[in-house]
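These notes are meant for a colleague who is opening this entry for the first time. Please keep the sequence and the structure in view while reading the numbered points.

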Amino acid sequence: MSEQRVKITIDGREVEAEDGELVIAAAERTGTYIPRFCWHPRMNPVGMCRMCLVEIDTGRGPALQPSCMIPASEGMTVVTDSDIAKKAQEGVLEFLLANHPLDCPVCDKGGECPLQDQAYSHGPGESRFIEEKVHFEKPIPISDLVDLDRERCILCDRCTRFADEVAGDPLIHFIDRGAQTQVNTFPDEPFASYFSGNTVQICPVGALTSRAYRFKARPWDLDQVESTCTSCSVGCRVAVQSSRNQVLRYQGVDVDAVNWGWLCDKGRFDFESIHAEGRLGEPLLRADEGHVTAAWSDALGRAAGAIEAALASSGPSGVGVIGGAQLTNESAYAWAKLAKGVIGTDNVDAQLGDGLPAEAVLGLPRATIDQACAPGGTVVVLGVDPKEELPVLYLRLRHAVVEDGVTLVEVVPHATGVTGLAAHSLVHGPGAVADVVAQLLAESPADAGGIGADALAAAGTAVRSGPVTVILGRGNLADRGDLVASAAGLLAEGLDDVRFLSGLRRGNVHGALAAGLAPGMLPGSVSLDDGREWFHDHWSTVPSDRGLDTEGILNAAADGKLDVLVLLGADPLSDFPDHDLARRALAGARTVVAVDTLPNPSVRQADIVLPAAGYAETDGTTTNIEGRISRLSQKVTPPGTARADWVIAAELAFRLGDDLGLESLDDVFAELARVAPSHHGLTAEGVGIDGVLVPLDRDADRTDARTAEDPIGLQTSGGDEEPTADIDPEAAEAAAEAEAADTEAGEAEAEAEATEAQADAEADDAATPDEGDGAEPVADDEREPAGPGLPAPVRFSATAVAVPSPDTYSLRLLTTRKLYDLGTTTQASRSLAKLAPGAVLHLHPHDFDRLGVEADGQVTVSNREGGRGSVTVPVRPSGTVPKGAALLSFLQPGGQAAELIDASAVVTDVRVEVAR
Amino acid sequence: MPRFTAENTILAKEIIARYPHPKSALIPLLHLAQEQDGHLAEDAMVHIAELIDHTPAEVIGTASFYEMFKREPVGDYLINVCTNIACMLMGGEELLHHLEDRLDIRPGSTTADGMFTLEDVECIAACTEAPCLTVNYRYFHKISTDEADQLLEDLRAGRRAHEIPKHGTLARVRQSIPADRRAGAAVPGECGQPVWMTPKDESEDAPA
């Protein structure tokens, strides 16, 4: 669309439209609703349903035209409510209803159905059709998650367009075109898209229904709040809908900056885990015969006692805290303050050895999704498979590549979900990522990692030719995260205009790292050394030395050197890539305290279990891959006596004879904004509707305007309801508060001023301590503190990692994540539990032939170095795997790759033998 | 439920190479599959989808539009009897009922020996020759019940094999297009103007 604006007349009112803007969109934007079924603002128009017929006059006299297909042009006159237009719309609706069963009383869509609503508002009132209507077998499952009632379908092409244009999985199609046209799949080939749930949300009738929600509620029984999805770290905005204190459905909310209304199926359907059987509702203490329920005071007392004993016998380093990536920002800060500022241990890590160094995530210049997807740019996917780990980011990238001409280069250890989109797909030999990136940046590259010099030179030209966003993730859990981080370091140094988008997947891992839940880090993205002085003024204590990461903590526990191991929603027995070490650690730790929502293998081994309030059970904020802070809202009450994680931290601090000074969620937020340098200046109001990027100076382009008039897409009729008003209590609340409570605002301001004054006073002491500490020279603009006197943000400097060369008798293990696995939340969601694809070893066809085994035959895989278990799994040849590699997905039923991985090794080499 | 034979796979790839986009070869490939099996087998559609790099749903979406692509097995001889108005007036329905009795099947079904499939059709554009029918889309005009009996007998005995190949066969002599004479091998938009679009004076000035 060009910047030019044109004047058009809609129903006698002159309005401005962008040149090329569709009439239906221009009309909606200026307050005239034109009925429609097929048009969707996030998809290309097709003019399929004809419901949007209006009279359009471009100088040749008025004519009925579909307003979703006609771009606005200068001087155009549009009449939407003339007798002719009304008659046309009534006629179209009469035809659309000719085959529609009108089974509204038993249809899930009834009450929120565009067809129902528009039949009332724009329909003829009665039909002249007396003929028999079409009949189909009903309902048919088109996937494990979605059912289809074909006779309700009005053939608007929304779902099929979504599958083709947006998701890129055209597995549903119009079939038997003619009088019996239907949407269907190929026989025995289900609509197994990761995004199938979106078709349910955009279906303008009740043809597509989700099996998880079918017959569960009527729309008028649902109550909703807007929140942010934390199934992965993309941070999609959702409407959480519940009835009678039960969450029944999530709907995607259309937010320009993030998810455009889409959700992945994992995010959409894991609401089932909220009310899963076995949710922890009471504290548990280990007794001889297993766990027994206990009072909170007893359980907290036992936990505090164990921590005190640890402090007495081994000092602060006798305590280790693993996890926190599922917490809210507030809870993560409270736990960071408890661990580092009260107990004084730096053995704290939110990642489970499956991520990247916190310095890399927080210290590299950060991009936003919009920056990554901006036309004309280049995206380098480094290591990670966005389709499996960050599905909605994949949708945004796909749109950027297909529609906006963004160049995508992937440097990955195996072909991924974006390989089909990549202009340059560099699939390298396992462990060779840093070599490949070095050659990619070289003027005249040499062959590297099994990739030819020509391919590297071509990709290198693309990477050097424009603004670059690197999507950096941990593609392979069987080699060390430093490896891919060192490659990222090379890109940061070698390119002028480069930003990074973290590809870490756990819900609020970025918020947890920014809150200081990482060794060597303090809240606000500052390193322990840089921030020590600043935090001495705010906390009781600050750890003296850099502590251990998860691997180190587990090793200490396994060696009997750890007195208390706290698991914050972490399950190392499943999620840590080295199961052998995790088992030894949990057995070796003297006391294991688990704070969690659901029982998992690690919780079952814990000595003290503290039940936490989970998703939709507590308010707060979360941080996404971009560093965008957005709101989480409570919708239902937690089970039993489960408490918010930050409350548990505050209670423990109190029992340790200290006080976090945090009495309400607002306290925590205010303190986080006051003491965390990267969050400087943040206010609750500033978070707004769609969240805010931190540090705040990154957020220059921010608007809270939404493209879609109706962000959930529930109410498409232009009736008198105001759909956006009732879904956004915060916005209304914030507005009311702003009006009613001037005093509060004044206080906040005064407080901010005070902070600044204090900060100014300290400015001299807290002079950037990184200078002259022997680190590499640092570009000043990258290390600018967020405010005067604040410590400078952490900076990442990569260190090269030596990779041992492979031998010819073994294969190098690739362990990647799939969207669905044996993770606790996925397994607790009934709809998703069976979707994990299962453990299968994939080999390059050459290696497969050498093995001499039938396809789907069984092989036994064992670590070359020995000392680890082995797994027996089916094997398949696959063109997606490079020579010399063996791909076995993480945490799949049928064989655990984590039994093979040694966390201390740089790479994992395995032997593969035909199973007898 | 067969996929393409090795021979037909080579042919399919040859057909795909004739078009600028693999998807353009979809309908010719559907014909090839129907020729191989007499109908479109599911596995053949999956194979076509693989060859043109699309999903099977897209293949069946196109295939199912065309009445003459059969997704269920049909007999070697597909008999279509016209029952539209001209043929009806001239005895088309009687002809259909006669064939139903003779073959002992209802329209839309296939004889147990897999020899015949009977269908009634709307106008097949031979009203001056009513009543008429087609066998594998070969016309038989002004056909009486006796002639129909004779036709069935001839078909059974293979006496018509020279003029009516079994259902699905497109041609018994395969056309071969030399690589240099194939149309559309250039990418649209990158090829030059067709010669008739070139202004006359320019084409005259052009070097020989």
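This is a predicted model: local features need pLDDT of at least 70, side-chain atom pairs count only at pLDDT 80 or more; totals for chains, interfaces and linings use all residues.

In which sense, left-handed or right-handed, does H8(A) cross H22(A)?

1. The crossing of H8(A) past H22(A) is left-handed. Helix H8 of chain A covers residues 329–343 and helix H22 of chain A covers residues 645–655, and the two pack with their axes 7 Å apart, at an angle of about 20 degrees. Because angles under 35 degrees count as roughly parallel, H8(A) and H22(A) are therefore described as roughly parallel to each other.

2. The contact between these helices draws on both partners: H8(A) supplies Glu330(A), Ser331(A), Ala334(A), Trp335(A), Leu338(A) and Val342(A), while H22(A) supplies Asp645(A), Trp646(A), Ala649(A), Ala650(A), Leu652(A) and Ala653(A). Sorted by class, the residues of the contact of H8(A) with H22(A) comprise 9 nonpolar, 1 polar and 2 charged.

3. A reader going through the sheets of chain A may start with an open one of 5 strands, whose order is E2-E1-E5-E3-E4 and whose pairing is mixed. Strand E2 (13–18) and strand E4 (63–66) of chain A each have a single partner strand, so they stand at the edges and one side of each is left without a neighbour in the sheet. From one strand to the next, the twist averages 40 degrees.

4. Within that sheet, strand E1 of chain A, residues 5–10, is paired with E2(A) in the antiparallel sense over 6 bridges, and Lys7(A) has Glu16(A) of E2(A) opposite to it. Helix H2 of chain A, residues 83–96, packs on the sheet and touches strand E3 (53–57), E4 and strand E5 (77–79) of chain A, with a direction that makes about 150 degrees with that of E3(A).

5. Another open sheet of chain A has 7 strands, in the order E15-E14-E27-E26-E25-E16-E17, and here too the pairing is mixed. Its edge strands are E15 (290–293) and E17 (348–349) of chain A, each of which pairs on one side only. Strand E16 of chain A (residues 319–323) and strand E25 of chain A (residues 564–568) run parallel and are joined by 5 bridges, with Gly320(A) standing opposite Leu565(A) in E25(A).

6. Strand E29 of chain A, residues 628–632, deserves a point of its own: 5 of its 5 residues are buried, so the strand is largely enclosed by the rest of the structure. Strand E28 of chain A (residues 620–623) runs antiparallel to E29(A) and is joined to it by 4 bridges, and Gly620(A) stands opposite Leu632(A) of E29(A). The two strands, E28(A) and E29(A), form a hairpin with 4 residues between them, and in the turn Gly627(A) has a positive phi of about 90 degrees. E29(A) is also joined, by 2 bridges and in an antiparallel arrangement, to strand E30 of chain A (residues 692–693), where Leu693(A) is the bridge partner of Arg628(A).

7. Finally, the contact between the chains takes 12 residues from chain A and 9 residues from chain B. On the side of chain A that touches chain B, the largest share, 4 residues, comes from strand E8 of chain A, residues 172–175. That side of chain A has, by class, 7 nonpolar, 2 polar and 3 charged residues.

Methods
Residues are numbered from 1 along each chain as its sequence is written. Chains are lettered from A and ligands numbered from 1 in the order in which they are written. Two strands pair if DSSP finds at least two bridges between them. Axes are lines fitted to C-alpha atoms, for helices over the stretch in contact, and angles run from 0 to 180 degrees between N-to-C directions. Two residues are in contact if their C-beta atoms, placed from the backbone, lie within 7 Å. Angles under 35 degrees count as roughly parallel, over 145 as roughly antiparallel, 65 to 115 as roughly perpendicular and the rest as oblique. A crossing is left-handed if the near helix is turned anticlockwise from the far one by less than a right angle, and right-handed if clockwise. Ala, Val, Leu, Ile, Met, Phe, Trp, Tyr, Cys and Pro count as nonpolar, Asp, Glu, Lys and Arg as charged, and the others, Gly among them, as polar. A residue is buried if 20 or more other C-beta atoms lie within 10 Å of its own, exposed if 12 or fewer, and partly exposed in between; C-beta atoms are placed from the backbone.
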